[in-house]
Amino acid sequence: MTTLLDLKSSVLRQVQRSQSLRSRRESPPAAGSPLSHCPEPLSRRISEESMEFFERMNTILQKQENMLQAGQAECQRGACTVPPPQEHVDQAFIHDRITRTELDLIYEEVVYTLVNRVGVPSSEHVTSDEELFAYLRKVFDMGEEEHDIILQKVQESKRATFSLRASVLKAKNLLAKDANGYSDPYCMLGILEGQSPRESEEKKERKFSFRKRKDKLEKRSSTKEALPARCIQVTEVKPETLNPVWDEHFVFEVDDVHSDLLHLDIWDHDDDVSVAEACKKLNEVSGLRGMGRYFKQIAKSVRANGSSSSGSEENADDFLGCINISLNEIPIGGFDTWFKLEPRSSASKVQGECHLILKLYTSQRDTTLSKKESNVSVHKKLLSQIVEHEHAHVKREPYNWNGQVSPPVWTVLTHHAVQTDLTRLQQSIIRWQCYSGHHRTQRVCYSLLLRLLRAIDAEWDPPSVRGDLERQLSDSFRLYTEHCLCLMKNMRQVFPCTSAAAITRYELMLRGIGYMQNMRAFKSVCPLRNELHLDITSAVKKGTSEWYEGLIAQYKPEDGSLEEQLKKLVVVVDAVCADMQRAQNIYNKLFYSAVKVDFFSVTYRQLEKLVADDVNVAMERLCGTLEQESSRLTQTMGETVFELFVSLKSLKGFREFLPLKDAKMLALTVFHNWFKSSIHKFLQIVHDRSCDRICKAVETDKIEAVQQAKHSSSALEVTSCFRQVRDIWLQLAWPDSAGAFIFVTRLTDNFCSEAVYYSEMLTRKIERSQLGRDHNSFIVQLCVALNDVEHVRVFLGHLPRDLDWPGVERAMEESCGAEGKEQVFKALNGQLFNMNLDLQKEAKHLIALLTDKMVPELRRYIQHISLSPDSINNDVAVAPLMKYLQDTVVILTDTLVKDNLTRVLQSLWELLVRMILDSVTENRGVQVEFYNRFQYTVETLLHFLQENGLSLEDMKSGDYKAARWTTGFERQSHSSEDPGSIPGPACVEFACSPRACVGFLRALWFPPTSQKDAIIGVSKLPVGVTVSATGCLFVCALRLAGNQFRVYPASWPMTARPRP
């Protein structure tokens, strides 16, 4: 109820104020008002200040758009050519440098590895000792003398002992040996000691088999040919299959890695004796005799199984194929492939393949480090030293180093990892630890770290990661996470949006963190850090708070005068808006896609609260100051207040990108209430500056039509001013309906008064400049001035749309009901209606000046028609007038806009008709030709002006009808189109006589109930009616004492009318 009462009182004040703006302008302006007359230098200074004011307003209005464009430009990042800023980290992340002694020990380890290297190198490996050692001397900063000493020490040490890890995975497409179409395959495998070249040739002719006949086994002449018991392994029997899967793993000691062979047989098991159990007995015998007994038992079993079906040796043999692999043919990284089964002789029939994984490694090393530390620790130290050296020698974009190393590095690392029997998972963990640790001091490409994390996840096997390795992996995850959280906290400095390379790195870093928190390895070794997204959110909040504190420390908005404080706050708010623009366009997408954190919401809610607290305190101080200074607001302070309001509105506008649940009850929800009183005073400043600008526009206007238009520069300037003020209001976008209505009525009143002020100034300038001007140029100037007024009037006709009156009405209807909407409608439209009236008055005044300028010429031409002899034709008599009018109308048509042309032609027509009436009245009792000539003149003017756009209805005024009657034109025209005539028979009734029915009656001058005196034509009749020669009856407007008459339509029933 209170709101509605306040609205009614506000509307009443606005309606009272919106009385004729013209009458308000007629009162003398107050001292100090921009409307008061001021000396020329002062006026020029005021105008310059006004232009500067609007230029600053335009800058403020453009600032938000420029900020938006800058944000969009940042989103369209180009190539990563500019290096990103340094990624500063805490000193706690920097590890101690390795000592010289430790370097020497690592160097010894590497040299030992190269001296004892085995395996077939690939094309990526370096085989030259000289090249490898030359590279290592650079890596370890080792002199040639020191290198020779360590090399000699290694050569004198015990050579490495190698072992073979063999994994029998599966076989396929084996030969069926049983009647059911299947076999019961198993494998026997072991190491054959190296053979002489001659023996190798013989081996090609006869394949070794674990199931030799007893006589052949006993023919071995030396222990070298025998297979030691500890070197024989057997798999389980897989019943009834031709594609067995064993997935069994064995380890064999190797005496001579350069000459020994791996031999594998696949047999079909045909008896009930467990082959595995039989093979275990090999561990219970020793020497050649024990092995002979074992193979004898197996041979007997074979023969016994085969004798039931056939007595031949072939039927007793369940051989399915064999494989022989020289250890010196195994690549450095080992074999992981399918091997084709071979027959033991040309008579054997075999088929199928067997999948084996073979890898050689050192089971014993004679180095200092290998005796003190684990293989994992030694390899990590080696890799750390190599990584540091390799990265230091990257010349192009070292921050984007993807871990690629030179061939010597790859050779050294591969040999050492293979020899120390590091699994793929161990190698992946070591690489992750080294590169992530190195990254904390010398940044690398985050795609490399992400690739290393994926490698760990792909090879992850929890049982194989225990003890120190598990702890070290957990520590590396923790340190890297803390490092990334530190970078997130300082992301605005480390990963600015202005650097495409930095944003790319940030995206990869977030993807790495997001991948890490979902890794099986991370969840296994870091079980307590299962909510990493909360740590990320905390880091973002802390970084945002520190960034804002840095802004406040940089600009110090609490120092200086109140105006300086507000200006500094504007800078702070703009910086926050720019930050939120980046958060929305760039950072939020990165965070949400990588770590599922709503970066924008977290940042906006925090910054919005911080800004609101600081601005609210400053605005409270401003309101208190304005009250103490009698509500005086300086122009610069008003500009600052408006700019601060616009900046806050932009910051508040970001809430539309928040989730619905986060967009409620924010600190800036009602921030406009802090500005209510100051915005009122600011609008007065805008009004004063607008009047100054209008005054300057009229003063500098030559009142000449600008190009491609019919109005002058002042009209353009005035509408440009109005448009700018409208944009100011649109930028304010006041959310409160009652407040919006008050501001809209205030702005509408300002617009209307400024428009009337402009028209008055323009008219005065025209009046002052008419002396000494030639006829045509002055007419043109008057026409341009008319167009100026019309141009402004039409522009203001769009105020309901530009200021969104319907929106204000709807808002008031929602808050105050239908009565509130009606009051708003009346107040706003009343202002616009009064402005239209005032501008129409000014336009009529200008038209009067224009037609008054034409009066002498028109009077001369009318007099020419009046004095022309009867012998001259009518068209000749009227020709000078029509020539003048044609020339004038050409000027008017070219100069005036359509509506103004109609108004001027209407005024000209009325002027001509009055002049003709005056001429006819002055010449009563002349020849009928005189009246005929003016009748012709009126008809000619009628057709001429109708052809030039004036409608017939507009021309049929009272003066026109009088002219037709007076010139006798009416006597010859009985057109029923005449609205003043009564067609057909009519009755006339006088007060002094009974009713009389007459044939026709033309009552052009007498409304039905008017009082008139009349005298009847030539001969008087008792009833005051006379008949003319044409058969028509006339009632003449001359003199008939005291008679009252009425005219009735002849359509009345005859019974209602007395007969004459």
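Predicted model: local features only at pLDDT ≥ 70, side-chain atom pairs only at ≥ 80, totals over all residues.
Local features require pLDDT of at least 70 and side-chain atom pairs pLDDT 80 or more, whereas totals for chains, interfaces and linings use all residues. Residues are numbered from 1 along each chain as its sequence is written, and side-chain values use heavy atoms, with hydrogens and water left out.

The structure holds 35 salt bridges, defined as a side-chain nitrogen of Lys or Arg within 4 Å of a carboxyl oxygen of Asp or Glu. One of them joins D579 and R492, with an N to O distance of 2.8 Å. This pair links distant parts of the chain, 87 residues apart, with D579 in helix α22 (residues 562-595) and R492 in helix α18 (residues 491-494); helices are DSSP runs of H or I, at least four residues, numbered from the N terminus. D579 is buried at 3% relative accessible area, and R492 is likewise buried at 11% (buried, under 20%; exposed, over 50%; partly exposed, in between; 1.4 Å probe, protein chains only). A further network of salt bridges with shared partners comprises D468, R471, D475, R478 and E482.

R100 and D104 also form a salt bridge, their closest N and O atoms lying 3.2 Å apart. These residues are separated by about one helical turn, because they are 4 residues apart in helix α4 (residues 100-115). Both R100, at 36%, and D104, at 28%, are partly exposed. In the salt bridge between D366 and K371, the corresponding distance is 2.7 Å; D366 is partly exposed (23%), while K371 is exposed (60%).

Methods:
Helix = DSSP H or I, 4+ residues; strand = E, 2+ residues; numbered from the N terminus.
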